[in-house]
Each structure stands twice: as C-alpha cells, then as structure tokens.
Amino acid sequence: QAHDRKQASFAQVSALTSLSLIPPEAKKTIDLFLAQESQDPEGLEVSAPEASGYEFQSHGVIEMLEKLHDKFVDERTTMEKEEMNS
C-alpha cells in the first residue's frame, strides 16, 4: 500500500454533523466552519498547495527488502547448482 493518503474533504467533515455521537456544540462549530468556507471559497486553497494526510515513507525499506530477496534467490540458485554438480 505504497501511496499517499488524502486529507479529509469538506464533504466528509459535513457528514460528521449527522452523527448522533457528536455533541450539539461541536455540530454548531462544524457548521460555522463550513459556512466560513462557503463565504470565502478561495480561502486556504489558493494560498497553499494541497497536502497529503499521510505520505508514504517506507520506499527505502521496501527497496532494501527487495534487494535482499534478489540476493537470497541468487545465492540459493548458486548453492543448488553447486549441490547438483557435486
């Protein structure tokens, strides 16, 4: 699962107001936040590029494991050939 995760969209945030677990005060705050975004549609989207909610950072580990796997397969093949020849 080597890919970045997107941040929550405003649609996901607005869906929180329909949950019964969310207290009424929090629902009001969410509504005010969403209303603020609709009044200023250019808000943060113009001033900063969209950032990922999570950025995958294990590429180096995966590459190392792939190299180790290739090395293991090569060594095993060499040993099997030596065993067959003896």
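Here are some questions and answers about this predicted model.

User: Happy to have a model to look at! How many helices and strands does the chain have, and in what order do the elements run?

Analyst: Good place to start. The secondary structure of the chain comes to four helices and two strands. Starting at the N terminus, the order of the elements is β-α-α-α-β-α.

User: Which helix has the highest confidence in the chain?

Analyst: For the chain, the mean pLDDT is 77, with 67% of the residues at 70 or more. Confidence is lowest in helix α3, residues 43–47, where the mean is 52. At the other end, with a mean of 94, stands helix α4.

User: What share of the residues of the chain counts as buried?

Analyst: A residue needs under 20% relative accessible area to be called buried. Of the 86 residues in the chain, the share that passes is 5%.

User: Which residues gather in the patch of negative charge on the surface, and is Glu-63 buried or partly exposed?

Analyst: Glu-63 sits in helix α4, which covers residues 59–85. Its relative accessible area is 46%, which lies between the 20% and 50% cut-offs, so Glu-63 is partly exposed. The patch of negative charge is formed by Glu-63, Glu-66, Asp-70, Asp-74 and Glu-75.

User: What is the area of the nonpolar surface patch that includes Met-64?

Analyst: Met-64 is also placed in helix α4. Together with Val-61, Leu-65 and Leu-68, Met-64 makes a nonpolar patch of about 370 Å².

User: Let's move to helix α2. Is Lys-28 buried or exposed?

Analyst: Lys-28 has its place in helix α2. Its relative accessibility is 57%, and the cut-off is over 50%, so Lys-28 counts as exposed.

User: How far apart are the C-alpha atoms of Lys-28 and Thr-17?

Analyst: Along the chain, Lys-28 and Thr-17 are eleven residues apart.

How values were computed. Residues numbered from 1 in each chain as written. Predicted model: local features only at pLDDT ≥ 70, side-chain atom pairs only at ≥ 80, totals over all residues. Heavy atoms only, no water. Patch = residues over 30% accessible without salt bridge, like charges linked within 9 Å, V, L, I, M, F, W, Y side chains within 5 Å. Areas by Shrake-Rupley, 256 points an atom, 1.4 Å probe, with all protein chains shown as cover. Salt bridge = Lys/Arg side-chain N within 4 Å of Asp/Glu carboxyl O. Lys, Arg positive; Asp, Glu negative; His and termini not counted. Charge placed at Lys NZ, Arg CZ, Asp CG, Glu CD. Buried < 20%, exposed > 50% of the residue type's maximum accessible area, 1.4 Å probe, protein only. pLDDT = per-residue confidence, 0-100.
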